[in-house]
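Please load the model before reading on.

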Amino acid sequence: MPHPWLAKRTSLFDSSGIRKVFDLAAKMSDPINLSIGQPDFPVPDPIKEAAIEAIRTDNNGYSLTQGIPPLREALQARIDAEYGQEDRRVLVTSGTSGALVLAMLSLVDPGDEVICFDPYFVMYPALVGMAGGKCVLIDTYPDFRIDVEKVAAAITPRTKLILLNSPANPTGVVATADEVRSLAGLAAEHNIALLSDEIYRDFCYDTQLASPATWNDQTLVVDGFSKSYGVTGWRLGWVHGPAAIIDKLTMLQQYTFVCAPHPLQHAGLVALETDISQHVADYATRRDLMVNGLRDAGYEVASTSGAFYVFPKVPEGAGTATEFVTRAIENQLLIIPGSIFSQRDTHFRISYAASPVTIERGLEVLRHLSPVS
Ligand SMILES: Cc1ncc(COP(=O)(O)O)c(C=O)c1O
């Protein structure tokens with residue numbers, strides 16, 4: 001029974017499935033952890049030094065709500081160089097999650113429908129629900145590609161927003177330029193808001209990222225430092241879009257998060273100058289190691305070219321994803337069942353943001369659990 005003081009909306013945040021998995025994991029002595037949604041490389045030293053220096057030189061109070069001017073200017077310069085759109089403005093936020101909260105509360109009215117692709121990032125349905133909206137899911141199995149005709153068919157007079165995430169969590173799929181261009185055009189044609197979550201934009205291995213904002217200048221884009229620089233605990237991100245929307249998001253930030261963590265904004269400025277291409281190249285190699293290893297073991301894996309996740313299908317006869325993951329955990333391997341990210345419980349998410357030795361240990365368990373073995 002929930003506590004009687006709790007609002008009805010709290011029933012949207014049920015994490016009992018994932019909690020069960022992590023309760024099991026907590027009892028493990030030497031887990032093979034391929035469940036992690038953050039890079040395994042250390043934060044580059046100059047970024048750490050900049051954070052320490054900012055604290056030491058007393059940049060510990062509130063910053064401007066919009067973000068410290070040098071960081072905002074650096075981000076704005078990048079955005080202008082990429083999109084060249086006169087009306088596009090940026091706001092520094094408390095992580096990409098902070099940007100998502102501000103965007104959802106600013107765009108979605110009670111009863112509005114929000115189109116999300118299934119599988120989706122775990123936060124989306126909860127955030128849509130928090131704003132009083134309703135998630136309309138577009139099934140993308142088995143290849144996790146965007147079918148714009150399916151999106152068009154799902155549009156109703158109540159459709160307010162389309163949420164795109166590419167490269168995607170949990171599938172690692174990067175939408176093609178054609179898919180993104182058509183989606184951007186569809187949103188413009190129906191005057192539906194479009195939000196593009198580009199937090200994994202630096203982790204594209206085979207193609208360049210296609211952003212819908214290139215074709216639809218009203219698109220709101222959320223992005224952040226968490227994944228690119230291994231600073232998930234710093235809570236630093238940004239959002240850019242039409243000035244009138246960014247103004248409202250800024251006001252809402254004033255009444256909620258107040259500002260992004262101030263000293264870390266100074267470190268963010270240094271991060272933007274830091275080359276992470278070697279890490280990205282290493283992850284591309286690990287992607288190959290993981291995908292080839294899974295396919296050799298008989299797993300069905302959709303092609304993936306971004307982020308650091310793979311979303312294979314549970315083999316025929318191996319039960320639901322939750323059952324399969326429970327068996328994996330009994331064998332020391334920590335992975336996440338698809339039901340956390342989807343209406344279906346048929347796939348599992350595996351992260352290759354781990355050392356090649358850990359990936360190889362994980363594959364060993366998966367070979368053991370595969371009917372082909
Ligand atoms: C698709 C996606 N969006 C947003 C986030 C949140 O990122 P942040 O740490 O910047 O809040 C994550 C984190 O896992 C993610 O996978």
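Which domains does the domain assignment of the chain give? The assignment gives domain 1 (8–43 + 276–369) and domain 2 (45–271). These bounds come from an automatic or database domain assignment.

## Basis of the model

This is a predicted model: local features need pLDDT of at least 70, side-chain atom pairs count only at pLDDT 80 or more, and totals for chains, interfaces and linings use all residues. Residues are numbered from 1 along each chain as its sequence is written.

Helices (H or I, at least four residues) and strands (E, at least two) are DSSP runs, numbered from the N terminus. Two strands pair if DSSP finds at least two bridges between them.

## Domain interface

The C-alpha centres of domain 1 and domain 2 lie 25 Å apart. Across the interface, 30 residues of domain 1 are in contact with 35 residues of domain 2. Contact requires C-beta atoms, placed from the backbone, to lie within 7 Å.

Helix H10 (277–296) and E9 each supply at least two residues of the domain 1 side that touches domain 2. H10 gives the most to that side, with 4 residues. By class, the side of domain 1 that touches domain 2 has 18 nonpolar, 8 polar and 4 charged residues. Here Ala, Val, Leu, Ile, Met, Phe, Trp, Tyr, Cys and Pro count as nonpolar, Asp, Glu, Lys and Arg as charged, and the others, Gly among them, as polar.

Now walk through the pairings. Strand E3 (residues 113–118) and E5 run parallel, joined by 4 bridges. Cys116 has Leu163 of E5 as its bridge partner. E5 also pairs with E6 in the parallel sense, over 5 bridges. There, Leu164 has Ser196 of E6 as its bridge partner. Strand E6 (residues 193–197) and strand E7 (residues 220–224) are parallel too, over 3 bridges. Ser196 is bridged to Val221 of E7, and Leu195 stands opposite Leu220 of E7. E7 and strand E8 (residues 237–242) run antiparallel, with 4 bridges joining them. Val221 has His240 of E8 as its bridge partner.

## Burial in the sheet

How many residues of E7 are buried? The count is 5 of its 5 residues, and E7 is mostly covered. Buried means that 20 or more other C-beta atoms lie within 10 Å of the residue's own; exposed means 12 or fewer, and partly exposed falls in between, with C-beta atoms placed from the backbone.

In a regular strand the side chains alternate between the two faces of the sheet. Leu220, Val222 and Gly224 point one way from E7, while Val221 and Asp223 point the other way. All of them are buried. Strand E5 (residues 159–165) is mostly covered as well, with 5 of its 7 residues buried.

## Ligand shell

Which residues are closest to the ligand? They are Gly95, Thr96, Ser97, Gly224 and Ser226, from a surrounding set of 13 residues. A residue is near a molecule or strand if its C-beta atom, placed from the backbone, lies within 6 Å of it.

Helix H4 (residues 95–107) gives the most to this shell, with 3 residues. The shell divides into 2 nonpolar, 10 polar and 1 charged.

## Phe144

Phe144 lies in the loop between E4 and helix H6 (148–154). Is this residue buried or exposed? Phe144 is buried, because 21 other C-beta atoms lie within 10 Å.

Not counting residues up to four places away in sequence, Phe144 touches Ala168, Thr171, Val173 and Ala302. Phe144 and Thr171 are 27 residues apart along the chain, with their C-alpha atoms separated by 7.3 Å.

## The 3-stranded sheet

A further open sheet has 3 strands in the order E9-E12-E11, with antiparallel pairing. Its edge strands are strand E9 (309–310) and strand E11 (336–337), each pairing on one side only. E9 and strand E12 (residues 348–351) pair over 2 bridges. Val310 has Ile350 of E12 as its bridge partner.

How values were computed. Two residues are in contact if their C-beta atoms, placed from the backbone, lie within 7 Å.
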